[in-house]
Amino acid sequence: METALSTRYDASLVEAKWYEAWGSAGLFEPDADSNKSRYCITIPPPNITGSLHMGHALCYGLQDLLGRYKRMQGFSVLILPGQDHAGIATQSVVTKQLKKEGINAFELGREKFVERVWEWRGESGDTILRQFRSLGCAFDWSRQRFTLDDNYVEAVLKVFIDWFERGLIYRGLRVVNWDPVLKTSVSDIETERRITKGKLYFVRYPYKDGSGSITIATTRPETILADVAVAVHPKDKRYVGLVGKTLILPLLNREIPLIADEYPDPEFGTGAVKITPGHDANDFEVGQRHKLETLVVLDETAKVNELGGPYKGLDRLKAREQVVKDLDEQGFLEKVEDHEIALIVSSRSNEAVEPMASEQWFVSQTQLAAPAIKAVKEGRVRFVPERYTGVYMDWMENIRDWCISRQLWWGHRIPVYYAEDGTPFAALSWEDAQRKAGDKKIERQEEDVLDTWFSSGLWPFATLGWPEETQDLKDYYPTDVLVTARDIIYLWVARMMMAGLDCKGEIPFKDVYVYATVLTDDGKRMSKSLGTGVDPTEVIQTKGADALRYTLFSQTGYNQDIRYSDRRTDDARNFCNKIWNASRFVFMNLDGYTHSEPREKHDVDKWILSRLAFTEKQVRESYEAYDVQSACQALYHFFWSELCDWYIEISKDRLADAAQKHTPQWVLVTCLDAFLRMMHPVMPHITEEVYSQLPLAGKSAFLMQAPWPSGAGAIDAGAESRVESWLETTRALRALRAELGLAAMKAIPLAYYEGDLGDGARVVASQAWIEELKQGRPEGKFVSSSIPGIDLHIPTEGLIDEGAERERLKSQIEKAQQELTKLEQRLGNPQFVDRAKPEVVEKERAAAADLNDVIAKLQTRMHLFGG
């Protein structure tokens with residue numbers, strides 16, 4: 001039978017064709033059938049500055065896999081795509097672009113700058129969404145959302161105003177991560193922790209009364225200029241009677257108190273710590289407890305301000321040099337030691353952030369967190385892998401207020417308007433603010449914008465139309481699963497939980513699946529800047545999206561690190577070729593094919609159909625459990641090992657016989673059809689292409705629309721047991737042939753077996769490349785092998801050169817005896833036996849026993865050849 005499948009699989013021709021076909025047929029949109037159960041994922045919105053990297057390929061590929069699987073399960077599936085405006089990242093990109101044009105962003109002004117950002121977004125902002133298409137992601141592009149869409153802005157305003165009026169949002173002084181280059185606070189997720197070599201400076205603070213001094217250690221001596229106290233632990237006996245005394249701040253000669261607080265560790269160093277509430281979050285908490293003044297000695301560019309006295313105007317690093325020099329000259333510097341420092345760096349500007357107290361807007365999260373904690377404790381939201389439940393709960397049960405303001409222009413401008421007397425009003429607009437203010441005149445709006453995580457925290461319900469009660473919101477909220485990275489569990493997952501429960505009264509998703517980090521083949525972090533990054537788009541162009549997907553998915557279970565290498569992707573591409581070539585073989589052997597199921601089936605037919613049923617159950621359960629790796633392994637084993645290596649090979653004689661071919665034809669079509677359906681979520685393009693050529697009665701227009709192959713095959717334990725025995729016998733005969741140096745695929749005239757093979761002798765003979773397989777024991781010289789219940793014999797006369805075989809066996813015996821001698825010497829050494837770990841000794845004894853067995857078998861074979 002002719003086949004439309006070309007002799008060679010070309011991913012570049014197949015993949016683009018089918019993605020366009022699916023889109024044209026409207027398959028990315030939910031099924032309109034109102035009787036179907038709903039399944040929804042709102043994808044984590046990538047930044048508009050982003051382009052596809054391997055982590056994206058895994059994260060968004062997995063969401064596509066889940067959607068395709070659920071669609072085949074009969075669900076009406078919505079995978080809703082969109083993007084995040086990414087305040088800091090986008091403003092940074094456009095600012096750099098303007099700088100190249102010789103334009104100063106701040107001189108341009110807010111309104112013109114925002115216009116330029118919108119222009120940039122129109123030109124370059126959709127790059128990653130186009131790349132999702134090349135990966136095969138079946139997302140509903142007609143529902144695409146953006147966190148600055150008008151409807152989304154409305155949702156953000158409503159939440160802010162509601163929380164403001166309930167007293168959950170307030171303005172206050174807190175220590176934040178300050179980026180002196182971008183001149184804004186940044187969230188923890190926008191920073192990186194880098195271990196670097198630094199110095200630890202030991203500084204003496206003299207008592208005012210001249211009775212001595214107290215020594216503290218610091219890695220940031222420039223912040224001494226903002227110290228307001230020194231603290232010791234109240235149970236530290238070294239400072240009994242000293243707490244309450246006055247110290248003189250070195251260099252600035254300001255008086256500061258010695259206080260007692262639980263914060264210092266009396267076991268570390270002198271047990272005394274400098275308290276700088278303006279430049280350290282822990283010190284800020286100490287300052288709040290003791291009602292200490294909060295001094296900020298650096299400005300928004302990290303230069304010393306007027307509080308720094310003679311150091312005013314110096315950059316923080318220059319100030320550090322000068323402060324250390326002056327401390328030394330004035331006798332305050334006791335010593336300096338080398339010290340590793342955990343430097344916190346802004347991932348946007350690559351500059352070290354400055355912990356700095358600043359007037360910012362905050363959300364009080366304790367009240368919001370309570371229902372989100374309860375939802376997880378009650379099992380309404382499940383983390384996969386389960387261990388991340390602990391990460392979430394630890395964060396939520398110790399939650400702090402959240403700084404939501406950013407000193408940027410691009411983003412959701414905080415909807416707070418100030419009256420002439422400074423009274424703030426949260427409002428939808430200037431007009432709404434004036435209405436709320438009454439007789440007070442509104443003079444200005446807050447300049448800051450909201451943290452990007454504030455708006456993205458509303459993603460699961462705002463994208464579905466909230467605050468309007470849309471049909472999508474009714475049908476698809478709560479969503480089914482969030483696929484996310486481990487490093488944003490508390491920064492994003494927790495906030496979506498709080499917002500969803502507070503605004504909608506329901507959880508935002510039922511499952512949180514934390515996907516693995518993709519590393520290089522040698523376990524390094526993938527990074528463009530480090531030269532370890534691999535561009536997925538290049539892999540897709542050269543090897544295909546399906547090969548890339550399989551490379552990633554076949555390693556993705558509950559593990560949290562996977563390795564990418566070109567070698568693995570080459571293996572995946574080889575699997576694609578195997579699927580293609582095996583399918584071509586099937587199609588080319590379907591002459592006279594009829595759709596009717598045969599009445600009679602051989603044991604090998606029942607065996608492969610039983611293996612198909614087992615595989616379907618294993619794959620289905622693995623998909624449901626987010627254990628994609630196990631699903632891929634099961635599919636690979638079934639297709640390559642069981643269907644291709646065994647069933648197709650066994651069936652070739654029957655396929656060539658017009659009287660027998662109907663049964664193997666039907667079985668092959670049944671197995672291939674079910675395999676394509678099960679593999680489709682992993683490799684959507686190649687499976688769709690092969691399925692389009694499959695001769696099925698009443699098949700779906702697209703594999704993507706086809707139902708899951710539940711009920712494929714039938715478990716037949718008896719057939720499996722019989723055929724597995726035949727295959728084991730075949731493997732044993734092949735191994736025996738190999739020991740004799742007989743080439744695979746080349747038939748030998750005769751072999752014998754003792755035992756019961758039932759109807760399997762013909763199968764074993766054909767697959768072990770034996771012209772005649774007789775029951776019984778041969779005369780003359782022969783070699784033997786055994787498996788449970790079966791003894792196998794191959795006569796050797798005329799098959800091999802006995803002299804050469806004796807020499808080969810002699811060499812093997814000598815080598816084995818040398819290894820055994822070494823082991824026996826080691827085991828005969830009392831020092832080794834007494835000192836080595838018991839498991840090591842036992843392993844050596846087992847190895848010695850194995851070598852004795854090997855030598856005995858080799859010597860038996862030598863005896864057959866007169867040795």
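Two strands count as paired if DSSP finds at least two bridges between them. Helices (H or I, at least four residues) and strands (E, at least two) are DSSP runs, numbered from the N terminus. The model is predicted: local features need pLDDT of at least 70, side-chain atom pairs count only at pLDDT 80 or more, and totals for chains, interfaces and linings use all residues. Residues are numbered from 1 along each chain as its sequence is written, and side-chain values use heavy atoms, with hydrogens and water left out.

**View 1. The open sheet of 3 strands, in the order β19-β18-β20**.
The pairing is antiparallel. β19 (424–426) and β20 (442–445) are at the edges with a single partner strand each, so one side of each has no neighbour in the sheet. On average, neighbouring strands are turned by 35 degrees against each other, direction ignored; axes are lines fitted to C-alpha atoms, for helices over the stretch in contact, and angles run from 0 to 180 degrees between N-to-C directions.

**View 2. Strand β18 (residues 416–419) beside β20**.
The two strands pair in the antiparallel sense over 3 bridges. Tyr-418 stands opposite Arg-444 in β20.

**View 3. Helix α7 (residues 150–165) packed on the sheet**.
Helix α7 touches β18 and β19, where contact means heavy atoms within 4.5 Å. The direction of α7 makes about 130 degrees with that of β19.

**View 4. Helix α16 (residues 489–503) and the residue Gly-505**.
Just after α16, Gly-505 takes a positive phi of about 75 degrees.

Key. Expected span 1.5 Å × (residues − 1).
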